[in-house]
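Subject: Structure handover

Hello,

Please find the structure below. My notes on it follow.

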2 protein chains.
Amino acid sequence: MFEVNENYLKLPGSYLFSNIAKKVSDFTQAHPEKEIIRLGIGDVTQPLAPAIIEALHKAVDEMANADTFQGYAPDLGYEFLRNTIAQNDYKARGCEISADEIFVSDGAKSDSGNIQELFSQDAKIAVCDPVYPVYVDSNVMAGRTGTYDPKTETWSRVIYMPTTMENHFVPEFPKETPQMIYLCCPNNPTGTTLTKAQLQEWVDYANRVGAVIIYDAAYEAYISEEDVPHSIYECEGARTCAIEIKSFSKNAGFTGVRLGYTVVPKDLKSKNASLHDMWARRHGTKFNGAPYIQQRAGEAVYSQAGKAQLKEQIAYYMKNAAVIKQGLKDAGYTVFGGVNAPYIWLKTPNNMTSWEFFDDLLERANVVGTPGSGFGPSGEGYFRLTAFGTYENSLAALERIKSM
Amino acid sequence: MFEVNENYLKLPGSYLFSNIAKKVSDFTQAHPEKEIIRLGIGDVTQPLAPAIIEALHKAVDEMANADTFQGYAPDLGYEFLRNTIAQNDYKARGCEISADEIFVSDGAKSDSGNIQELFSQDAKIAVCDPVYPVYVDSNVMAGRTGTYDPKTETWSRVIYMPTTMENHFVPEFPKETPQMIYLCCPNNPTGTTLTKAQLQEWVDYANRVGAVIIYDAAYEAYISEEDVPHSIYECEGARTCAIEIKSFSKNAGFTGVRLGYTVVPKDLKSKNASLHDMWARRHGTKFNGAPYIQQRAGEAVYSQAGKAQLKEQIAYYMKNAAVIKQGLKDAGYTVFGGVNAPYIWLKTPNNMTSWEFFDDLLERANVVGTPGSGFGPSGEGYFRLTAFGTYENSLAALERIKSM
């Protein structure tokens, strides 16, 4: 009889957002008259910007004509998009990243889940705690994380780096040396960031100990403060120790469009093995390119009109963030984030657990958020609200929370 | 210092079609005046059908409006598409597959590369030889295939099942028992098929030995003969031993659109582990759903207009197949396929190797095909031509080949 990958069976329960969806669905069935406001999952609500829509229609029209029809895309992405990204996201910021170091994909979630494949089976990972669950879960599936302790909700072979209010959300270098370091910056869920000087220390550390930083910059577009870097390649030496993962989901509302990219510099090597070549081989073998029409939409993100429209969209969400943050403060909550990221991270009141606060908020305010403990053990006692709703809903949710 | 996944380094050279692209590019640079006809890679050339274009435009317009905007898709696919597939591809053919056993993805290549993750590290795979290279390569990357022998171009832990003219392209049950059996049917590259009775024997065999058949039916729409099954679930007992992978690339020209699906029946279990639940977990963790606009395009494939238009498109390619097959026969070649698949598989003349014939065809006829040996050792001495070009090019290519 065939046997399965036992590592999958070690994963406790199901994915965080599936659990939330189930709880909300149960609540809605029990209380069909209540109007729920969802500030839980980090999904955008604003429609695609006109420049994107125009590019999509144009690309669809090209697919209707034999002379302009596009079949298989290049596995690694169309030149027009890779060049545009290299120019706008890197060269314009003084980062030395060439177009052929950029790998276009169907999104940052796929890339952050798949990137671990390039590393040896016994590589040890370090993650900020709390953080986006995909990093740990994808390594669990690969058998890299040891055994699970349900009491502490930790894995024996994962190095957890607590980022809490006690250390101002800046992770410390771990005592044990990791081979892979996941940094999500601005961080999901805490909405906090590292300054350029702090990130430079991490780059130096990674180069010193021979580790690779997997830098998830999905929320980069929300950075408003001067001393927060937009790319890890702004730091000296990052080309020999860092992979950067980027998304179009949050800067351009592509959560349902699906487009992202990953940068693997050619200088990133272990002995003679080039992670760049390995990732190219993975794309060539297990991926068939991002769709043409999506890549044209991605290009439009960088057009003059696209940039102007998306700046407005981000300002809209960040206005929500400010409303939520101020409202929570006024109600006496201790809050973080919301300045360089669309996430507001709050300390639960009265020592409630994250899930207790989730239930309380759902039942009394009919507002859905995300329990901090779902992002790692040090997220216990915290709670995430997102600014991705409408302005009206953000206001309404805060009114309800204030009157709880 | 971090270490890489050594299995990647075992892969010999680069992916087949990259090699071909390089050879063609070198030839074009040396002979810029020659007009190349490409019957190599299996990429479509006809533009998307009007019903598909209409659905894409409509979906794009929905993304432009806050009331109809779609964010994250359900990980496993929208109900509207899963229901349509269940109805048209299964219920209408008498197959018992429910909508929640259908997992929508960004294409069959991703799914056929990723599906091996669900199996244990020491599972042994059996593949038809020759066959689509992704099955073996993705298992090499996972470390499941043992050591590579460059002389025989085989892996020590892969069971090769030769399908050649000697056994009429019907694989025999292997002597050693595999846990995973990849069947591509209609086969890429040979263009040959199994009858329903022959496939039933494989289903019975898999159930008997406790193996899983991974059934790649990407070319199903090209089947013209009555006794060839369109789905493995037409066979009795397939629900307990078979996964089916389907593509929209070849039936609807979606090579650059990217959409596919995989069926994992709930009855497919090893002890208490459900492959259905494991695949759902993989989608939830490492994939973020296929794009909304693509899923609407997929739905249009099954509309009345879509069906009629795509029937014509397939007839167009199959007319090319007939032209190529008859032309080769007239020129004295021994040929197979081209009846239930858009691939024509020919025996190279004068005992030339596959790559010798590739070079000869490129140099003397300026026609690009695919060397059979690129699909496995038993493909040596064969060559693949595809019917996916235009009718004019198919005719012209055959004229050139005849006058070689």
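In which loop of chain A does A:Tyr219 lie? A:Tyr219 sits in the loop between strand 8 (212-216) and strand 9 of chain A. Strands here are DSSP runs of E with at least two residues, helices are runs of H or I with at least four, and both are numbered from the N terminus.

Some ground rules. This is a predicted model, where local features need pLDDT of at least 70, side-chain atom pairs count only at pLDDT 80 or more, and totals for chains, interfaces and linings use all residues. Residues are numbered from 1 along each chain as its sequence is written, chains are lettered from A and ligands numbered from 1 in the order in which they are written, and side-chain values use heavy atoms, with hydrogens and water left out.

**A:Tyr219 and A:Lys250**

A:Tyr219 is buried, with a relative accessible area of 4%. Buried means under 20% relative accessible area, exposed over 50%, and partly exposed in between (1.4 Å probe, protein chains only). The side chain of A:Tyr219 makes a polar contact of 3.0 Å with the side chain of A:Lys250. A polar contact is a pair of N or O atoms within 3.5 Å; within protein, one must be able to donate a hydrogen and the other to accept it, and residues adjacent in sequence count only if both atoms are side-chain atoms.

In UniProt, an unreviewed entry places "modified residue: N6-(pyridoxal phosphate)lysine" at A:Lys250. UniProt positions use the numbering given here, feature names are shortened, and annotations may be inferred rather than shown by experiment. A:Lys250 lies in the loop between strand 9 (242-247) and strand 10 (260-263) of chain A. A:Lys250 counts as buried because its relative accessibility is 5%. Leaving aside neighbours within four places in sequence, its contacts (heavy atoms within 4.5 Å) include A:Tyr222, A:Phe388 and B:Tyr72.

**A:Arg258**

The loop between strand 9 and strand 10 of chain A also holds A:Arg258. A:Arg258 is buried, at 3% relative accessibility. Among the residues it touches, not counting those up to four places away in sequence, are A:Asp106, B:Tyr72 and B:Asn288. The unreviewed UniProt entry lists "binding site" at several positions, including A:Tyr219 and A:Arg258. Those positions spread over 217 residues of sequence, and up to 33.9 Å between C-alpha atoms.

**A:Asn340**

A:Asn340 is in the loop between strand 13 (335-337) and strand 14 (343-347) of chain A. A:Asn340 is buried, with a relative accessible area of 4%. Its side chain makes a polar contact with the side chain of A:Glu225 (2.9 Å). A polar atom of that side chain also lies 2.7 Å from the backbone nitrogen of A:Ser224.

**Where the chains meet**

One joins the side chains of B:Asp75 and A:Lys109 (4.0 Å, N to O). A salt bridge is a side-chain nitrogen of Lys or Arg within 4 Å of a carboxyl oxygen of Asp or Glu.

Best wishes
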